[in-house]
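Here are my notes on this model, as numbered points. Please read them with the structure open.

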Amino acid sequence: AECGSPGQPQEALVMAGLVPRVRGVSLAGAGTAVVATYGRQQAVQFDCGTLGADPLRFAALARHVFVSHGHLDHCAAAFLHARLRGMLNLTSTVLYVPAPALDAFTRAREAAEAMDDGELPLDIRAVQAGDVVRVSDSLSVAVHAASHRVPALSYVVQSRTRSLRPEIKALDAEAKRAYFTAQGRDKEAAFEWVTTTDFAYTGDTTGEGIAPPVLGARTLCVELTFLDNVTPDFAKDRGHIHIQDLASLASRGALAACERLVLMHFSARYSNRQIADGVKAHLPPALWSRVRMLWRPSHSFTILAGVACAALGVKTTESDLADLLWFVELATPKENHSAAKQTPHPVMELREPLGLSQADALCVALQLWKRHEKDAVVFFGKLEDGQRVVVSTPPSEGTAAQLSVGALQVNYVFTGPDEGN
């Protein structure tokens, strides 16, 4: 799932400069993997406890994988990541692990290769707090200490860009032209290299264990395992962050530099709705508007969608299904959906639809999505008479339509955006 915003319309985290697009899967205890992508060619992955619903696609995103700690929900898929990149004839995986865990990872690799009867295209390297790893000409990853039940690390991505010096940038157009004409071929003196902290990943840690440089990132991906049904001390004893810890950081101004706050690693005990409501209740509105979520993953979604479409005669392609996966797993609709500006809700919920199987519901979603320029389903819960299905780019208001999937018939009408719905 690409991370989406519960507070505002969904948007990819792509801004001016090199601020990355963030995507991933995260569920406490089950699997976490997050990829920060810069442009078309550069990507860095953090943790590898799962490869999501489309392992080949996920493994192809990034060569460099930084593991925060040795718990299996953060590293168990690392060897499969390397194997899949080998199958795809891509460069070998480079796996960075906390130095105290290097021996364990080395032994695990040997066991994996013995079971797989072959050598994995994998380079395992130890890192520790204070290290800076150059992953490309323009990107480096700084390593910071974290606080968890086992040795753990947080990571900060720094980008290096070439920019006009401030005094040159301040000149008007005519003065700039005169300056560069006088410089002739030697224009390097007008430029300088600027390093910015674009992205930070906390991994599993306590609120007190987050290093200050991590909090200074423009996009901060932070774990938030527990809400108010447990105490902050309960979360701290388990090496995790509680919602009150996050609220405390916000109240102290520690998150002032954060332009996007990506929350992840929620406990499986919470629904997406409980998470959104719990977070919104504790954060100031100005910060809430910058929040993005990595919601509960849908590991079985690919198989379910494929079987459903085949059984009910929905004609679709593998590419359609792959695109639908990314769309359905977004936390909010696309940026031009006006109704979503009011309240947060997941794009799709399939909780015991009334009189409708999950397979049928998926087929309806797919049909709506394809019919309306692949930008349609926002909320799809229990189907009842009068249930509204919101689309992002409807035709004129009052337009009625009918959708048939097998024996199922759905009548719907475009009523226009509704405030708060």
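**Notes on rings, sheet and surface**

1. Start with the aromatic cluster. Phe46, Phe66, Tyr96, Tyr155, Phe199 and Tyr201 are linked into a cluster by ring pairs. Bear in mind that this is a predicted model.

2. The count of aromatic pairs comes to 9. One of them joins Phe66 and Tyr96: ring centres 4.2 Å apart, planes at 10 degrees. Planes under 30 degrees apart count as stacked, so this pair is stacked. Phe66 sits in strand E4 (residues 64–66) and Tyr96 in strand E5, 30 residues apart, so the pair links distant parts of the chain. Both Phe66 and Tyr96 are buried.

3. Now take Phe180 and Phe191. Their ring centres are 6.5 Å apart and their planes stand at 40 degrees, so this pair is tilted. Phe180 belongs to helix H6 (residues 173–183) and Phe191 to strand E10 (residues 191–201); the pair therefore ties together parts 11 residues apart in sequence. Phe191 is partly exposed, at 22% relative accessibility.

4. What is the strand order of the open sheet of 7 strands? It runs E7-E8-E9-E10-E11-E12-E13, with mixed pairing. Strand E7 (132–134) and strand E13 (291–293) are at the edges; each has a single partner strand, so one side of each lacks a neighbour in the sheet. From one strand to the next, the twist averages 25 degrees.

5. Within this sheet, look at E11 (residues 219–223) and E12 (residues 260–264). They pair in the parallel sense over 5 bridges. Thr219 has Arg260 in E12 as its bridge partner.

6. Last, the surface. Leu56, Met87, Leu88 and Leu90 make a nonpolar patch of about 340 Å². Leu90 lies in the loop between helix H3 (78–87) and strand E5 (93–98). Its relative accessible area is 35%, so Leu90 is partly exposed.

Notes
Residues are numbered from 1 along each chain as its sequence is written. This is a predicted model: local features need pLDDT of at least 70, side-chain atom pairs count only at pLDDT 80 or more; totals for chains, interfaces and linings use all residues. Side-chain values use heavy atoms; hydrogens and water are left out. Patches are made of residues with over 30% relative accessible area and no salt bridge: like charges are joined within 9 Å, nonpolar side chains (Val, Leu, Ile, Met, Phe, Trp, Tyr) within 5 Å. Accessible areas come from the Shrake-Rupley method with a 1.4 Å probe; for residues, only the protein chains shown count as cover. A salt bridge is a side-chain nitrogen of Lys or Arg within 4 Å of a carboxyl oxygen of Asp or Glu. Helices (H or I, at least four residues) and strands (E, at least two) are DSSP runs, numbered from the N terminus. Buried means under 20% relative accessible area, exposed over 50%, partly exposed in between (1.4 Å probe, protein chains only). Two strands pair if DSSP finds at least two bridges between them. Axes are lines fitted to C-alpha atoms, for helices over the stretch in contact, and angles run from 0 to 180 degrees between N-to-C directions. Rings of Phe, Tyr and Trp (its six-membered ring) pair if their centres lie within 6.5 Å; planes under 30 degrees apart count as stacked, over 60 as edge-to-face and the rest as tilted.
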